[in-house]
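Here are my notes for a colleague who is meeting this structure for the opening time. Please read them with the sequence and the model side by side.

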Amino acid sequence: MANEEFLIHKLQHRDIKPTATRLLILNAMCRGDETVSLPQLEKLLPTIDKSTISRTLNLFLLHQLIHVVDDGSGSLKYNICSDDCDCSVEDEHTHFYCEHCHRTFCLKRIHVPVVQLPEGFQLNSINYVIKGICPECAEKRAAKNR
């Protein structure tokens with residue numbers, strides 16, 4: 001569980017009123033570099049109405065508190081942005097989707113290469129997903145094969 005002061009700061013930094021429900025949802029999203037989906041949040045927070053979770057995620061997206069990842073799994077994933085992120089193309093980073101455990105991780109230190117588009121095309125966002133096996137699943141697989 002994240003420190004309540006930390007959570008309140010994250011919300012206030014993005015001009016979001018820190019209500020009890022928003023704090024619970026943001027706390028459930030504090031998973032380090034691992035993303036979380038709406039169905040995962042619904043399981044983690046069974047006492048909060050699904051529509052409330054969805055509306056809160058939309059509010060968080062609108063205020064650039066979180067970013068959305070389409071990893072090709074059929075379910076959008078979300079992760080908390082750093083305080084200096086404004087969700088511009090320059091802030092885009094690589095995501096890693098584990099084909100074994102189906103978790104998606106933000107690789108925030110690996111920036112997405114910006115591609116020069118032909119004249120007339122306008123870049124709004126980049127979705128860069130690498131697929132493979134995460135370290136935890138690779139370790140389990142290696143131990144199984146020993």
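1. Valine 36. I begin with valine 36, which, when its neighbours within four places in sequence are left aside, is in contact with Met29, Arg31, Leu41, Leu76, Lys77 and Tyr78, where contact means heavy atoms within 4.5 Å. Valine 36 lies in strand β1, residues 36-37, and helices (H or I, at least four residues) and strands (E, at least two) are here DSSP runs, numbered from the N terminus. At 0% relative accessibility valine 36 counts as buried, a word that stands for under 20% relative accessible area, with exposed for over 50% and partly exposed in between (1.4 Å probe, protein chains only).

2. Basis of the model. This is a predicted model, in which local features need pLDDT of at least 70 and side-chain atom pairs count only at pLDDT 80 or more, whereas totals for chains, interfaces and linings use all residues. Residues are numbered from 1 along each chain as its sequence is written, and side-chain values use heavy atoms, with hydrogens and water left out.

3. The chain as a whole. The secondary structure of the protein chain comes to five helices and six strands, and from the N terminus on its elements follow the order α-α-β-α-α-β-β-β-β-β-α. The C-alpha atoms fill a box of roughly 50 × 45 × 25 Å, taken along the principal axes. Of the 146 residues of the protein chain, 35% count as buried. Among the contacts with a separation of 6 or more, 56% are accounted for by residues 24 or more positions apart.

4. Helices α1 and α2. The axes of helix α1 (residues 4-13) and α2 come within 10 Å and cross at roughly 105°; axes are lines fitted to C-alpha atoms, for helices over the stretch in contact, and angles run from 0 to 180 degrees between N-to-C directions. The two helices α1 and α2 are therefore roughly perpendicular to each other, given that angles under 35 degrees count as roughly parallel, over 145 as roughly antiparallel, 65 to 115 as roughly perpendicular and the rest as oblique. Glu4, Leu7, Ile8, Lys10 and Leu11 of α1 make the contact with Arg22, Leu23, Leu26 and Asn27 of α2. By class, this contact of α1 with α2 has five nonpolar, one polar and three charged residues, where Ala, Val, Leu, Ile, Met, Phe, Trp, Tyr, Cys and Pro count as nonpolar, Asp, Glu, Lys and Arg as charged, and the others, Gly among them, as polar.

5. Helices α2 and α4. Helix α2 (residues 20-29) also packs with helix α4 (residues 50-62), at an angle of about 75° and with the axes 11 Å apart, and α2 and α4 are therefore roughly perpendicular to each other. On the α2 side the contact is made by Thr21, Arg22, Ile25, Leu26 and Met29, and on the α4 side by Thr52, Ile53, Thr56, Leu57, Leu59 and Phe60. The residues of this contact of α2 with α4 divide into seven nonpolar, three polar and one charged.

6. Threonine 52. Within helix α4 sits threonine 52, which, leaving aside its neighbours within four places in sequence, is in contact with Thr21 and Ile25. The side chains of threonine 52 and arginine 55 are joined by a polar contact of 3.3 Å, that is, a pair of N or O atoms within 3.5 Å, of which, within protein, one must be able to donate a hydrogen and the other to accept it, and residues adjacent in sequence count only if both atoms are side-chain atoms.

7. Histidine 93. Histidine 93 is buried, with a relative accessible area of 8%.

8. Cysteines. A search of the whole structure finds zero disulfides, a disulfide being a pair of cysteine sulfur atoms within 2.5 Å. The sulfur of cysteine 98 is 3.5 Å from the closest cysteine sulfur, in cysteine 101, too far for a bond.
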